[in-house]
Structures are given as C-alpha cells and as structure tokens.
Amino acid sequence: MMKRLVSLIIVLLLTFPAAVYAAEVKECDDWRYIVHDDGTARIVSYQGTEEYVVVPDNVDGYTVTGFSDYISGWDYGFQLTSVVSLVLPDSFTEIDSEAPFLFSSLTNYLVDPSHPTFKTIDGVIFNKEGTELLFYPPVREADVYRIPDGVKKIRPGAFDFTIARIGKL
C-alpha cells in the first residue's frame with residue numbers, strides 16, 4: 001500500500017509541471033500568448049523585428065495582464081529579438097521574474113506615468129510608489145547606476161540577467 005502511494009505521488013509530481021504548462025499558445029499579429037483560466041492573456045513571445053515595441057493591452061479580445069512564465073527553454077520568448085525599448089500597457093498588473101530579461105537587446109523600459117502598477121525611472125522598472133526596483137534592462141550600458149532616493153527594496157533577481165556592464169551600483 002505504501003509503495004503505491006509513493007508511486008502515485010511521484011507520478012503526480014512529475015506530471016504536474018506538464019499540466020501547468022500545457023496551455024495552448026495562440027498568435028495575434030507579432031505576438032504569441034496564452035489564455036489563463038481567468039480569461040486574461042499573458043504574452044509568451046514577440047515575433048516581430050521592430051526595435052521600439054509597444055506591448056498590446058489586448059490580443060484577440062483578451063486583456064493582456066503580463067508576460068507569461070510559460071516560456072519553456074528557448075522555444076518561446078524574446079531572447080532572439082532586436083527590441084531595444086519596450087512600452088508596457090496599463091493592463092499589465094504583474095511581471096514574472098524572468099520574462100523581461102529574455103529581450104536580449106533591451107536597453108529601456110517605458111510605462112505611461114498614469115500606469116496603475118508600475119513606473120519607470122530612466123528606463124528601469126519600479127513599483128508605482130518607487131520604493132522597489134523591479135527590473136533593470138538586460139543590456140543597458142552604465143559605468144555607474146545610482147539607485148534613486150526612496151528605493152527601499154531591490155527585487156531579488158532585478159539585475160540577474162543584466163550583462164555585466166555596470167561598474168558600480
């Protein structure tokens with residue numbers, strides 16, 4: 001009996017990740033996305049060639065609420081794009097920890113000053129209050145990056161995928 005229970009648990013643990021990431025990837029223009037159970041969409045990849053990109057707030061009638069953590073390996077994602085500047089829509093409510101870094105050429109993030117969740121200061125993403133640094137662009141060159149006054153927290157991984165071009169923080 002105990003062997004069967006252990007076997008069942010192992011099978012469930014091994015198949016659960018596959019079930020989580022079994023979402024169908026859909027396409028709309030240059031964007032690939034998945035639809036979550038709540039009826040919102042999350043961007044999986046950008047397939048275009050533009051350097052300055054505005055992320056849509058809606059794809060095929062679904063509100064886009066963020067980037068997806070669906071990105072599996074290098075099949076989907078932004079790592080091969082030429083995106084230099086990325087504008088996030090007001091509909092974005094969260095950004096998974098690794099998704100923004102997959103833009104291999106990104107030097108600048110932008111959000112509208114009226115964005116309800118995020119703000120950018122000099123191309124770097126912060127929470128709306130400016131108290132937490134969330135994401136530093138992966139290939140921004142800087143000898144020194146001065147963290148703005150008022151920042152109390154740096155999100156774990158905020159600089160993880162940044163190419164080593166920062167001399168000092």
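How much accessible surface does the protein have, and what share of it belongs to carbon and sulfur atoms? The accessible surface comes to about 9,700 Å², and 54% of that belongs to carbon and sulfur atoms; accessible areas come from the Shrake-Rupley method with a 1.4 Å probe, and for residues only the protein chains shown count as cover. Please keep in mind that this is a predicted model, in which local features need pLDDT of at least 70 and side-chain atom pairs count only at pLDDT 80 or more, while totals for chains, interfaces and linings use all residues. Residues are numbered from 1 along each chain as its sequence is written, and side-chain values use heavy atoms, with hydrogens and water left out.

**Overall picture**
- The secondary structure comes to 1 helix and 14 strands; helices (H or I, at least four residues) and strands (E, at least two) are DSSP runs, numbered from the N terminus.
- Of the protein's 169 residues, 41% count as buried, where buried means under 20% relative accessible area, exposed means over 50%, and partly exposed is in between (1.4 Å probe, protein chains only).
- Among contacts (heavy atoms within 4.5 Å) with a separation of 6 or more, residues 24 or more positions apart account for 50%.

**Nonpolar cores**
- A nonpolar core is a set of buried Ala, Val, Leu, Ile, Met, Phe, Trp, Tyr and Cys residues joined through side-chain atoms within 4.5 Å.
- The largest one has 23 residues, and Leu 86, Leu 88, Phe 92, Ile 95 and Ile 125 touch the most other members.
- Several strands each supply at least two residues of this core, including strand 2 (31-35), strand 6 (62-67) and strand 11 (132-135).
- Strand 3 gives the most to this core, with 3 residues.
- Another core, of 9 residues, lies apart from it, and its members include Val 124, Phe 126, Tyr 136 and Tyr 145.
- As general background, nonpolar side chains tend to be buried together in soluble globular proteins.

- An open sheet is formed by 3 strands in the order 4-7-8, with parallel pairing; two strands pair if DSSP finds at least two bridges between them.
- Strand 4 (52-54) and strand 8 are the edge strands, each pairing on one side only.
- From one strand to the next, the twist averages 20°; axes are lines fitted to C-alpha atoms, for helices over the stretch in contact, and angles run from 0 to 180 degrees between N-to-C directions.
- Strand 7 and strand 8 are joined by 4 bridges, and Val 87 has Leu 110 in strand 8 as its bridge partner.

**The hairpin of strands 9 and 10**
- Strand 9 (residues 118-121) pairs with strand 10 in the antiparallel sense over 4 bridges, and Lys 119 stands opposite Phe 126 in strand 10.
- The hairpin has 2 residues between the strands, and Asp 122 takes a positive phi near 55°.
- Asn 127 belongs to strand 10 (residues 124-127) and is buried, because its relative accessible area is 14%.
- Beyond its neighbours within four places in sequence, Asn 127 is in contact with Thr 117, Phe 118, Lys 119, Glu 132 and Leu 134.

- Arg 42 sits in strand 3 and counts as buried, because its relative accessible area is 5%.
- The Arg 42 side chain reaches the backbone oxygen of Phe 67 at 3.2 Å.
- Lys 153, in strand 13 (residues 153-154), is partly exposed, with a relative accessible area of 46%.
- Lys 153 and Glu 132 are 21 residues apart in sequence, yet 4.7 Å apart in space, C-alpha to C-alpha.
- Not counting residues up to four places away in sequence, Lys 153 touches Thr 131, Glu 132 and Leu 133.

Methods. A polar contact is a pair of N or O atoms within 3.5 Å; within protein, one must be able to donate a hydrogen and the other to accept it, and residues adjacent in sequence count only if both atoms are side-chain atoms.
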